[in-house]
Amino acid sequence: MHTAAAGNAPAKIPLLLLPGLLNDAELWRAQIADLSDIADCIVGDQTRGDTLEAVALDVLAQAPPRFALAGFSLGGLVAQQILRVAPERVRRLALIGTSIHPDSPERAALRHAQRVSARLPGAFHGFGDRLMRSYIDASRLDDHDLVQRVRAMTARLGADVFLRQSALERPDGHAVLAACHDPLLIVCGANDRITPLAVSEEMHALAPHSRLVALPGCGHLAPMEKPAEVSAALRAWLQAPA
């Protein structure tokens, strides 16, 4: 961790960034650059572990003693698990495109079907066209650079990581969020089809001290679809009084 020399700017805040399913540091590329003046960013590795608790403990083993915590999608579920097992290490929390609901039977069945498909020989090449339509806003499907970045990231992580992450149980997070009294940021794409805005609005109502940022013209992959807006929201959250 970098620290400021005496007489210079204050030390940067450690910021632990947790990506989503089949995401790595590429998800946070813009935020890492945009916040480099105030934050030391660490991207948690969520590719190991067969339970949410195991993943959270693995991430904690890589993390500094105390940190600001931002989780996207699956990373938001891992962030909630970190609050269950080590709340004293979290200075403030940001949840982006995530949920506090356990999987519905329909959602669990969909995940199972996706895992069956991913096990077929030669069948998995990252996010194909159908998944891409679920993950990014329709207005961005012709954005070749964005689509290729997403495809490359998901293909790079591969079928084994997909199978492991998809099988993680999604527990109820209502009690965790209700107990969180640190600065809390909730961000969601207005057109998010994976974790609809209504879920983030419910989370905001559960934690009235939180700040909710809804991003117009944005699907699920907010850090990549609306990088400047997500960076600005994270900057304001990092600089908010504790």
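1. pLDDT is the predictor's confidence in each residue, on a scale from 0 to 100. The structure is a predicted model, in which local features need a pLDDT of at least 70 and side-chain atom pairs count only at pLDDT 80 or more, while totals for chains, interfaces and linings use all residues. Residues are numbered from 1 along each chain as its sequence is written, and side-chain values use heavy atoms, with hydrogens and water left out.

2. The average pLDDT of the protein chain is 90, and 88% of the residues score at least 70. Over residues 1-6, however, pLDDT stays under 50. For that stretch the model has 8 contacts (heavy atoms within 4.5 Å) beyond four places in sequence. Where pLDDT is low, the predicted coordinates should not be read in detail.

3. Helices (H or I, at least four residues) and strands (E, at least two) are DSSP runs, numbered from the N terminus. An open sheet is formed by 6 strands with parallel pairing, in the order β2-β1-β3-β4-β5-β6; two strands pair if DSSP finds at least two bridges between them. Because β2 (39-43) and β6 (211-215) stand at the edges with a single partner strand each, one side of each is left without a neighbour in the sheet. On average, neighbouring strands are turned by 20° against each other, direction ignored.

4. Within this sheet, β1 and β3 run parallel and are joined by 4 bridges.

5. Helix α3 lies across β1, β3 and β4, at about 140° to β3; axes are lines fitted to C-alpha atoms, for helices over the stretch in contact, and angles run from 0 to 180 degrees between N-to-C directions.

6. Helix α2 (residues 52-62) has L52, V55, A56, D58, V59 and L60 as its buried residues. Their cover includes β1 (13-18), β3 (67-72) and α3 (74-85).

7. A nonpolar core is a set of buried Ala, Val, Leu, Ile, Met, Phe, Trp, Tyr and Cys residues joined through side-chain atoms within 4.5 Å. Among the 70 residues of the largest one, L15, L69, I82, L93, L234, W237 and L238 touch the most other members. Helix α6 (residues 144-166) supplies the largest share, 8 residues. Beyond four places in sequence, L15 touches residues including L35, I42, L69, W237 and L238.

Conventions
Buried < 20%, exposed > 50% of the residue type's maximum accessible area, 1.4 Å probe, protein only.
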